[in-house]
Amino acid sequence: MKTPKEPTEAHRNFFRDVHDVVRLIPRGRVTTYGAIAHYLGARHGARMVGWAMMAAHPSVGPDAIPAYRVVNRLGLLTGRQHFATPTAMQDFLEAEGIQIIDDQVQDFKTRFWDPSAELA
């Protein structure tokens with residue numbers, strides 16, 4: 001399934017909500033597409049969260065959305081191909097003290113940030 005070519009207002013609002021949550025992820029922590037979807041009341045919306053992350057990549061500077069802190073449910077850097085270089089996602093995470101081996105966050109359970117628990 002592809003990203004909607006012309007997102008509806010509902011898509012734009014959902015993307016904005018996703019981006020707002022991602023901005024709250026603390027340095028040195030990661031969350032998952034599914035955890036964000038669940039927090040936003042879209043239990044099966046992990047793919048939509050992925051689309052929102054792809055839409056976030058062009059932003060830079062103080063308004064940048066740290067999309068690199070969002071990984072799949074196993075801690076894998078599945079979104080890495082959407083960054084400027086093949087290692088950018090890993091580089092950003094390692095700069096925050098997160099160890100990555102074979103495209104996977106090490107100590108994932110400790111690094112996992114659950115918005116449903118943290119923002120409750």
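## The largest pocket

The largest pocket of this predicted model has a volume of about 280 Å³. A pocket is an open set of points on a 1 Å grid over the protein atoms alone, where a 1.4 Å probe fits, with protein on both sides within 12 Å along at least five of seven lines; the volume is the space filled by probe spheres set on the points. The lining comprises 16 residues, and those closest to the centre of the pocket are Tyr33, Arg47, Gly50, Trp51 and Met54. A lining residue has an atom within 4 Å of a point.

Helix H3, residues 46–56, contributes the most to this lining, with 6 residues. By class, the lining contains 10 nonpolar, 5 polar and 1 charged residues; Gly counts as polar, and Trp, Tyr and Met count as nonpolar.

## The nonpolar core

The largest nonpolar core holds 31 residues, of which Val18, Val22, Met53, Leu93 and Val105 touch the most other members. Such a core is a set of buried Ala, Val, Leu, Ile, Met, Phe, Trp, Tyr and Cys residues joined through side-chain atoms within 4.5 Å. Two or more residues come from each of helix H1 (9–22), helix H2 (33–39), H3, strand S2 (70–71) and helix H4 (88–95). H3 supplies the largest share of the core, 6 residues.

Leaving aside residues up to four places away in sequence, Val22 touches Ile36, Met53, Ile65, Pro66, Ala67 and Val70. Contact here means heavy atoms within 4.5 Å.

## The chain as a whole

The chain has 6 helices and 4 strands, and from the N terminus on they follow the order α-β-α-α-β-α-β-β-α-α. Helices (H or I, at least four residues) and strands (E, at least two) are DSSP runs.

Of the 120 residues in the chain, 38% are buried, that is, under 20% relative accessible area with a 1.4 Å probe. Among the contacts with a separation of 6 or more, 67% join residues 24 or more positions apart. The accessible surface comes to about 7,100 Å², with 53% belonging to carbon and sulfur atoms, as given by the Shrake-Rupley method with a 1.4 Å probe.

## Thr110

Thr110 lies in helix H5, residues 108–111. Its relative accessible area is 52%, and exposed means over 50%, so Thr110 is exposed. The C-alpha atoms of Thr110 and Val30 are separated by 9.5 Å, although these residues are 80 residues apart along the chain.

## Basis of the values

Residues are numbered from 1 along each chain as its sequence is written, and side-chain values use heavy atoms, leaving out hydrogens and water. In this predicted model, local features need pLDDT of at least 70 and side-chain atom pairs count only at pLDDT 80 or more, while totals for chains, interfaces and linings use all residues.
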